[in-house]
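Please look over the sequence and the structure below.

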Amino acid sequence: IGSGLVGSEMCIRDREFIRIWNRINLFSYTRGCNRFIGLKLTFEEYLKRFNEFNISDDFYNWINNTKQLSNASLEKAISETNSNDLKKILNWSIEVNKSIKNSNKEGEPFEGVVSAFNEIFKKTDIACVSSANKEAVIKEWESSGLLKLCKFVFTQEEGTKADCIKKLIQQFGYNERNILMIGDSYGDYDSAKINNVYFYPILFNKEEKSWNSFREIYLEKFINNSFSEVQEKLLSDFNINFENGIKNI
């Protein structure tokens, strides 16, 4: 009976950890965040319910001080600290990469994405800016036919999304008012805001409509330098949609 109770309790806790992980990474303001940030936030929320362990100081020190949230940065920190906790996190991240690489399921873009990208490609440059690792991004974007439309591909190896947008401005000479970040999370919006560039939100559970609206209406406004007229309304819709979504989780 004791073993049964322990097993049942562990199942409950496992399910709770996964629920928290999914909410943080898919159904909240932190949707689309870097995997290490997602892990940190999941640990912190999980501990509010099951206060059985402490989050490693080594993990906190690394995540708060590194300029690059990537496996390469973790490896460098491990070489300097020989931290067992960081080794466990690196092994977890490596296994995530393996599962992505070995997966038979190719990531399919939302309806409306390909047609929108084709229209954007005709009129301006496209940069992919992702918090995922480069190998996974290249695989997914290539399989969907989007990679060939991109002039730049930035991933976690190049830094945060904000860092990557800054590179477009400082290193490649794009004017900040001629850059539009298209994203579905507050992390994407923050990256745009930090760099004073425009932001077009892809609304959760309304992705197809969002992409079609961009292709049919808002791309032309951006190209014609009139996007500022609709920016505040789009951000308001973004906030309302997210708040309604969170209420329904």
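## A loop residue to start from

Glu108 sits in the loop between helix 5 and helix 6. Helices (H or I, at least four residues) and strands (E, at least two) are DSSP runs, numbered from the N terminus. At a relative accessibility of 67%, Glu108 counts as exposed. The cut-offs are these: buried means under 20% relative accessible area, exposed over 50%, and partly exposed in between (1.4 Å probe, protein chains only). In sequence, Glu108 and Ser143 are 35 residues apart. In space, their C-alpha atoms are 8.3 Å apart.

## About the model

This is a predicted model, in which local features need pLDDT of at least 70 and side-chain atom pairs count only at pLDDT 80 or more, while totals for chains, interfaces and linings use all residues. Residues are numbered from 1 along each chain as its sequence is written, and side-chain values use heavy atoms, with hydrogens and water left out.

## Overall form

The secondary structure comprises 11 helices and four strands. Along the principal axes, the C-alpha trace spans about 65 × 45 × 35 Å.

Of the 249 residues, 41% count as buried. Contact means heavy atoms within 4.5 Å. Take the contacts between residues at least 6 apart in sequence: 58% of them join residues at least 24 apart.

Two packed helices are described by the angle between their axes and the distance between the axes. Here, axes are lines fitted to C-alpha atoms, for helices over the stretch in contact, and angles run from 0 to 180 degrees between N-to-C directions.

Helix 5 covers residues 84-102, and helix 7 covers residues 134-143. Their axes come within 10 Å and cross at roughly 15°. The two helices are therefore roughly parallel. Angles under 35 degrees count as roughly parallel, over 145 as roughly antiparallel, 65 to 115 as roughly perpendicular and the rest as oblique. The crossing of helix 5 over helix 7 is left-handed. A crossing is left-handed if the near helix is turned anticlockwise from the far one by less than a right angle, and right-handed if clockwise. On the helix 5 side, Ile100, Lys101 and Asn102 meet Glu135, Ala136 and Lys139 of helix 7. This contact has two nonpolar, one polar and three charged residues. Ala, Val, Leu, Ile, Met, Phe, Trp, Tyr, Cys and Pro count as nonpolar, Asp, Glu, Lys and Arg as charged, and the others, Gly among them, as polar.

## Helix 2 and helix 5

Helix 5 also packs with helix 2, at an angle of about 125° and with the axes 12 Å apart. This pair is therefore oblique. Helix 2 passes helix 5 in a right-handed crossing. Arg35, Phe36 and Leu39 from helix 2 meet Ile89, Trp92, Ser93, Val96, Asn97 and Ile100 from helix 5. By class, six of these residues are nonpolar, two polar and one charged.

## Helix 6 and helix 10

Helix 6 (residues 113-123) packs with helix 10 at about 15°, with the axes 9 Å apart. That makes the pair roughly parallel. The crossing is right-handed. Residues of helix 6 in the contact include Phe117 and Ile120, and those of helix 10 include Trp211 and Phe214. The contact has eight nonpolar, one polar and four charged residues.

Gly32 lies in the loop between helix 1 (2-26) and helix 2 (35-49). At 31% relative accessibility, Gly32 counts as partly exposed. Beyond its neighbours within four places in sequence, Gly32 is in contact with Asn25, Ser131 and Lys161.

Most residues other than glycine have a negative phi. Asn196 has a positive phi of about 60°. Its place is the loop between helix 9 (186-194) and strand 4 (198-201). Asn196 is partly exposed, at 39% relative accessible area. Asn205 has a positive phi of about 70°. Asn205 lies in the loop between strand 4 and helix 10 (207-223). With a relative accessible area of 64%, Asn205 is exposed.
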